[in-house]
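My notes follow the structure.

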Amino acid sequence: MSFSAPVIDYAALSPVIALTVGVCVVLLSAVFKPVRQAAPFLSFLTLGAAAGLLIWNWDDPTNLVSGALRLDDLAISISLIAIAAAAFAVLLSIREPAAEQAGSGEYHALLLGSVLGMVLLAQAQNLVSFFVAIETLSIPLYILCATDMIRERSLESGLKYLIVGSLGSATLLYGMAFLYGGSGSTDFLGIPAGIGHAGLLGDPLVLVGIGLVAVGLAFKTSIAPFHQWTPDVYEGAPTPITSFMAVATKAAAFAVFIRFFDVALIGEAGDWQPALAVLAAASIVIGNVGALGQDSLKRLLGYSGVAQAGYILGGLVVASEAGVNAIVFYLAGYLFMNLAAFSVIVARERETPFGDDIRAVRGLGSERPLLAWPLTISMLALAGLPATVGFIGKLYLIEALVEGDYTWLAVFIAVGTMISLAYYLRVVAAMWMRPGGETAPGATPAIAGASPEADPIDPEAGRRPYLVAPALLASAGAVFFGIVPQPLVDFAQHAGSSLF
Amino acid sequence: MINSLLWTPLAFGLIGLFLPKRLTGWWAVLGTAATLGIAIALLAGFDSGAAGLQDTVDVNWIPGLGVDYSLGIDGLNVFLVLLTAVVWLGGTAFAAFREQERPHLFFLMMLLGETATLGAFVAQDLLLFVLFFDLMLVPFYFLFGAWGTDREGGPTASAATLKMIVYTLIGSLLMLVGAIATAIIAADGGQITFSIAELAKHPIGDGSQQWIFWFFAAAFLVKMPAFLLHGWMPDAYRAAPLPVLAVFSGVLAKVGAYGFLRVVLPLFPAATVQFQTVVLLIALASILYGSVMAFTQTNVRLIGGYSSVAQLGFITAGIFALRADGADGAVLQMVNHGLVVAPLFIIVAILAERSGSEDLREMGGMAMRAPVLAALFLIVTLATLAMPGSANFIGEFYILNGLLQAKIVFAFVAISGVAMSAYYALRLYQRTMHNRKAEGIESREIGLRDGLVLAPLVLCILGLALYPQLILKRTDRSVSETVAAVRGPSAEIPKSHGREIVAASLDCTDRVPCRVTWGSQPKSHPSRLVARQ
């Protein structure tokens, strides 16, 4: 390494560069007529290239841009999860009315832009890069939520997300200011040193800063009581975007949550651990209880996401390597579990007049077994039943929690899981245990949550390979890693060992 | 061997998905029959003299989390495995003789249920045990919910099933936390292992044992179900399809009792001794409550259900007597009860087909033209009420014997349960088979097919009645070791009086595995001898 001139590590920056180039190319492709329809294909290419470059950098931690970014295995694993979620979203967006209305090029460019933000956020190791990345991630999502322009609810969801998201960002920034004031450093590694040097460990103002940052991140990860936007936005946004947000945003936000709290604030762990534990417990209870009466599948998954965020936060509460491993494992599992469900919802939205109402999946077991099985597996996995990745994920989290002396939170996870069965199994029951036939076109139109008049019905959507394949793939992953979890455990352990 | 035992049912179930509809049932029967064959081969190769586990499989499954895929057979589970295979064959065959809706899914779930149950019985890793224990719920959720009957004025099948699942999972999720806590506390910062045998070598501290004990006990007591935790039972039993209920009630309830023997006693000895009285009280309450409820129910399923509550109370009492006799009896009684209750529910199904109702008040006179059915039913009934001469009698005798040594007052209360069982069993038999023939009832002999299902099960009951030592001599060693571990190596297990009597007639002593000498006592029946004393 040369010490004379600023060295740019192009190899380690290559994933970010690839995504940036991809965003530009996809956006420009919409301008040229011959390649106008190529946006999904180009997006795939970009995501594939970025994923390949990330894997190339595996197991070779590097500080970039004078330590503002750090490409280690935690960043790579989380980025890969986000990229996989984006790839699923691209597949699910094929023939999606929202993508056609907004313009395929813009839609996909925004999606890639959000992925770029996530990849940066997972690497962020400086308050400035942290904030820039989180905005890069969020702003395209505000727009994407509102791309289904004919539907009022989509616009409402975009606006709501914008307002609440801005509030979250403002809180985050305010907290950062306190921490900068206390430590005189924006660097994650400099913050603990600065606070220690100034003798401000445990100072009320520093604690206020930590609290505000935690609240800002809680907005992004939809942790109760900062979750109110989640069900509304999930329900209103185009479903492929919802699926992307549910998995990728959560993963990226948790990556920086981990890095900030387990690196920059590890010295204050005694102060923030109990507070985060209470947030996690509240999330588990509020999310699970909120999901109970939901008829809209997207709202149901929104609340379920709140509860799952509570489980995942448990891994952070213990501030240990095992905790980080458990989080990364759970997020990877969450990718499979959630995307299987969303793929089926997308297919049924286009196929039935019920939108994402639970009636859309009635009798699915006999009507469309290839969709019913993925949704069933997804629900059982989210509920944490054995032989699915959800069970191993919960096992991992509980192991980390008990090891970190937070057994009471582990009991909360157990109790929350029990409540969650009531709504997950309700979906399963609707598929297998009620007679079908109500889904025939011309039956009563749906009420809340769907506006069938806007989206034309495609009676064959349930057979389209670009919808069935992701559903099958994701559910197969959920079962496979439930039976052979070791590869995913190794993957997660790499992430954890890069911090501790 | 043990691997093929475990996965044969599931493999058959998955292949069955690709067969034509009318063949799936027969294919599933073939699968359960093959499993039974493997189970019998395992029993034949079982060495009752050897200590510890046999036929073990031990593979690092998730090294990162310390979870092993470890299976094994010993005296505690060898007959429960056999029971599972027998009852499943019966239940599946009975279902295959009847038209099922969506047969592919039905038989896949049936066979998945068998794999999960066998897994719970043979797992030797604590976490693997929890995994299979929870996995059992999935197939039964589908079987109860999708093929069950919605009750008029009551909950739908899926609502009743949901209630069952939520109840059962309260316990088993807490058990998951408890299992992980046990391993982590035992590891004390070192390498985590979930191996039951390893964990049993150095039990964790008394304080931790106390709360973890209840996490496990909750799971097992709900599964049985025990008194106060049985809320899911009436609705679920009324909703369940009967062939499924036969295997459910016959086998799954035993997993709870088995869990006490396999996990709780060895891992939490101090807590077991400490809470012995509490669990015995719950067991006695189950006996009394179950019996009294079985007196008054008019739904034939619920008579079976509440009688199971009482019987499982007996089994729990036997285990928590913490005497070798009591636990021996409990293992024997688990098998007995499974063999009795499964044909009982199949008979209930046959009766319901003939009377169009499951209400005792609308039945009667069924024996008139169905002597074979009546005879088979009578044998089942007499075994249920533990008639001297039946293996159930030996089982209850051992249990009461153990209880008498441990807590004499409890034994006296438990004895009343034996008397009460006579009442509800005979009431069920008389009201259905005897009395005046009610309107709309068809007294018809069972067909050859149903006979083929029932007769072998009843033959098993008869076989065990003649030769209960088949089980006792193979289980005794493991059971004694388990119980001795709880009471500490120093605690001498007093030789029991009753045990000597039985032993004398069978030429075996307390510690030495029994050798039955039919030569010296050719005409005497063990139970009869006991009765005479």
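I looked up the nonpolar patch first, and α12(A) gives the largest share of it, four residues. Helices here are DSSP runs (H or I, at least four residues; strands are E, at least two), numbered from the N terminus. Both α12 (269-291) and α18 of chain A supply at least two residues of the patch. Its members are Val278(A), Val285(A), Ile286(A), Val289(A), Leu292(A), Trp408(A) and Phe412(A), and its area is about 550 Å². A patch takes residues with over 30% relative accessible area and no salt bridge, joining nonpolar side chains (Val, Leu, Ile, Met, Phe, Trp, Tyr) within 5 Å and like charges within 9 Å. A salt bridge is a side-chain nitrogen of Lys or Arg within 4 Å of a carboxyl oxygen of Asp or Glu. Areas are Shrake-Rupley values with a 1.4 Å probe, and for residues only the protein chains shown count as cover.

I noted that the model is predicted: local features need pLDDT of at least 70, side-chain atom pairs count only at pLDDT 80 or more, and totals for chains, interfaces and linings use all residues. Residues are numbered from 1 along each chain as its sequence is written, chains are lettered from A and ligands numbered from 1 in the order in which they are written, and side-chain values use heavy atoms, without hydrogens and water.

I then checked Val289(A), which sits in helix α12 of chain A. Val289(A) counts as partly exposed because its relative accessibility is 44% (buried is under 20%, exposed over 50%, partly exposed in between).

Next I took the largest pocket, with a volume of about 1,100 Å³. Of its 38 lining residues, Trp373(A), Val479(A), Leu10(B), Leu14(B) and Leu112(B) are the closest to the centre. A pocket is an open set of points on a 1 Å grid where a 1.4 Å probe fits, with protein on both sides within 12 Å along at least five of seven lines; lining residues have an atom within 4 Å of a point. Points are joined across faces, edges and corners, and the volume is the space filled by probe spheres set on them. α4(B) gives the most to this lining, seven residues. I recorded 28 nonpolar, eight polar and two charged residues in the lining (Ala, Val, Leu, Ile, Met, Phe, Trp, Tyr, Cys and Pro are nonpolar; Asp, Glu, Lys and Arg charged; the others, Gly among them, polar).

Last, I looked up Leu221(B) in helix α9 (residues 206-223) of chain B. Leu221(B) is buried, because its relative accessible area is 3%.

Technical notes
Buried means under 20% relative accessible area, exposed over 50%, partly exposed in between (1.4 Å probe, protein chains only).
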